[in-house]
Amino acid sequence: MDTPGYKLFDYTGCFVEQTEITGCSYATDENGAVFHRQAVEYMKYKYGISYVEKMIGEVQTAKENGLFTKDFSAERNENHGKIEEAEREGIETGEVDENGNPIKKEVEIDNPADSMNQTRAKGILLFVTETEEVISSQCVNLSEYVSHNKPETRGSGLAARDKVSFAEDLLFDVYILEKCGNYRNPKKTGALQYQAEYILAGKNHDTDNLKAVVHRLLFLREVSNCVYLFSDAAKVTEAAGLATSICSAAGVPALIEPVKLTLLFAWGYAEAIYDVKQLLAGGRVPLMKTAATWHYSLSGMLAAEAEQVAEDCVELPTGGLTYEEYLRLFLAVSQKDNKIYRMMDVAEMDVRKNSGFKEFHMSNCVDLLVMEACVGSRYGYYRQLKRTYRYVS
């Protein structure tokens with residue numbers, strides 16, 4: 001409306017002659033690098049990069065002690081094989097029969113480590129969780145989600161933005177644990193309740209993901225415990241003393257070393273069952289144990305079956321890492337593309353639970369737009385304008 005006494009006049013005479021979107025980045029571009037970068041920027045704004053210093057130390061400690069790479073199974077099986085061979089074929093007495101053949105005597109070793117080692121073939125999940133009923137049975141059809149479709153890069157990707165560093169990627173792991181449910185804190189409204197376990201294991205069923213993570217956790221704890229045991233001279237001596245008694249009674253002193261090792265491996269395994277039970281119950285377990293944080297005596301371990309070991313969890317340790325922090329440790333060494341794609345799966349699962357979003361796809365989420373416009377004036381001037389719009393923290 002004109003103001004009385006005044007006449008409006010367009011002094012610029014500007015008009016838009018042409019507009020064009022010249023650049024665009026989608027969340028799934030570059031195998032999800034755009035989504036990854038955005039999540040990291042959010043976490044950097046929330047916590048700062050110094051937040052991960054402790055995590056870097058934990059990962060380094062785990063790597064230095066071989067917790068992700070060591071596998072004692074070959075050595076354990078080799079020693080067990082030596083004992084089985086002696087029991088099956090007997091041992092030479094140093095005498096010969098009338099035909100000149102060596103005389104062997106039967107060997108029967110009462111190895112108290114056998115009962116513990118036999119539990120390795122059993123399912124571990126019910127040993128370390130309270131009851132089967134508390135475990136989620138939810139499942140999804142993974143073919144419906146982005147990790148099983150992997151769309152090609154449609155836009156400009158990171159558009160010259162730096163890729164994520166190792167320290168920044170640890171912030172992404174924190175992001176995962178903040179946004180996702182897990183066994184200790186399940187996402188009751190999610191398509192999967194154990195979302196962090198899904199990101200680690202990639203299976204379509206909560207129970208299968210939990211089993212995979214529990215086995216991985218048990219393996220890491222067993223490696224950690226055995227590394228400590230073999231470094232503790234007092235415990236090695238104790239195991240050697242018991243092995244000497246066992247082998248002397250059986251008349252096979254040559255088997256003292258293999259029997260000692262089976263005792264140490266069984267000891268580390270029993271302690272690992274205890275550790276995992278503690279973690280799933282909400283307790284803490286040190287990444288690397290000491291004499292002060294070790295739970296089972298050798299005699300105490302040998303007196304218990306695996307089920308009893310799992311139930312003997314009365315006092316929760318006050319120091320060490322929680323179950324969620326062990327998940328974070330596993331995330332830190334997980335294959336990055338799998339981790340990113342599965343986190344995008346979880347985002348799709350969660351958003352699609354909302355009314356009106358059944359067809360939500362991460363591949364349609366825009367992170368960045370570059371727009372150009374040609375603006376003219378009736379006075380004969382023209383200017384090219386370029387604007388970039390993106391999500392920032």
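Which side chains meet in a salt bridge at 2.4 Å, N to O? I looked this up and found Glu58 with Lys54, taking a salt bridge as a side-chain nitrogen of Lys or Arg within 4 Å of a carboxyl oxygen of Asp or Glu.

**Ground rules.** I note that this is a predicted model, in which local features need pLDDT of at least 70 and side-chain atom pairs count only at pLDDT 80 or more, while totals for chains, interfaces and linings use all residues. Residues are numbered from 1 along each chain as its sequence is written, and side-chain values use heavy atoms, with hydrogens and water left out.

**Salt bridges.** I counted 19 salt bridges by this rule. Glu58 and Lys54 both lie in helix α2 (residues 53-64), 4 residues apart, which is about one turn of the helix; helices (H or I, at least four residues) and strands (E, at least two) are DSSP runs, numbered from the N terminus. I then checked burial, where buried means under 20% relative accessible area, exposed over 50%, and partly exposed in between, with a 1.4 Å probe and protein chains only. Glu58 counts as buried because its relative accessibility is 10%, whereas Lys54 is exposed at 53%.

Next I looked at Glu222, which forms a salt bridge with Arg76, the closest N and O atoms being 3.6 Å apart. This pair links distant parts of the chain, with Glu222 in helix α8 (residues 206-231) and Arg76 in helix α3 (residues 73-89), 146 residues apart. Both Glu222 and Arg76 are buried.

For Arg284 and Glu325 I found a salt bridge with the closest N and O atoms 3.4 Å apart. Arg284 lies in the loop between α10 and α11 (298-302) and Glu325 in helix α13, so the pair ties together parts that are 41 residues apart in sequence. Arg284 is partly exposed at 31% relative accessibility, while Glu325 is buried at 16%.

**Around Leu321.** I placed Leu321 in the loop between α12 (306-311) and α13 (323-332), and with 7% relative accessibility it counts as buried. Its contacts (heavy atoms within 4.5 Å), leaving aside neighbours within four places in sequence, include Lys54, Glu58, Arg284 and Leu287. The C-alpha atoms of Leu321 and Leu287 are separated by 6.8 Å, although the two residues are 34 apart along the chain.

**Core.** The largest nonpolar core has 97 residues, and those with the most contacts inside it are Phe35, Phe172 and Tyr323; such a core is a set of buried Ala, Val, Leu, Ile, Met, Phe, Trp, Tyr and Cys residues joined through side-chain atoms within 4.5 Å. Helix α10 (residues 256-280) gives the largest share of this core, 15 residues. Beyond its neighbours within four places in sequence, Tyr323 is in contact with residues including Asn182, Glu197, Leu210 and Gly283.

**Strands.** I followed strand β1 (residues 14-26), which runs antiparallel to β4 and is joined to it by 11 bridges; two strands pair if DSSP finds at least two bridges between them. Ile21 stands opposite Met371 in β4. β4 also pairs with strand β5 (residues 382-390) in the antiparallel sense over 9 bridges, and Leu369 stands opposite Tyr389 in β5. β4 and β5 form a hairpin with 4 residues between them, and Gly380 in the turn has a positive phi of about 100°. Met371 is found in β4 (residues 366-377) and is partly exposed at 33% relative accessibility.
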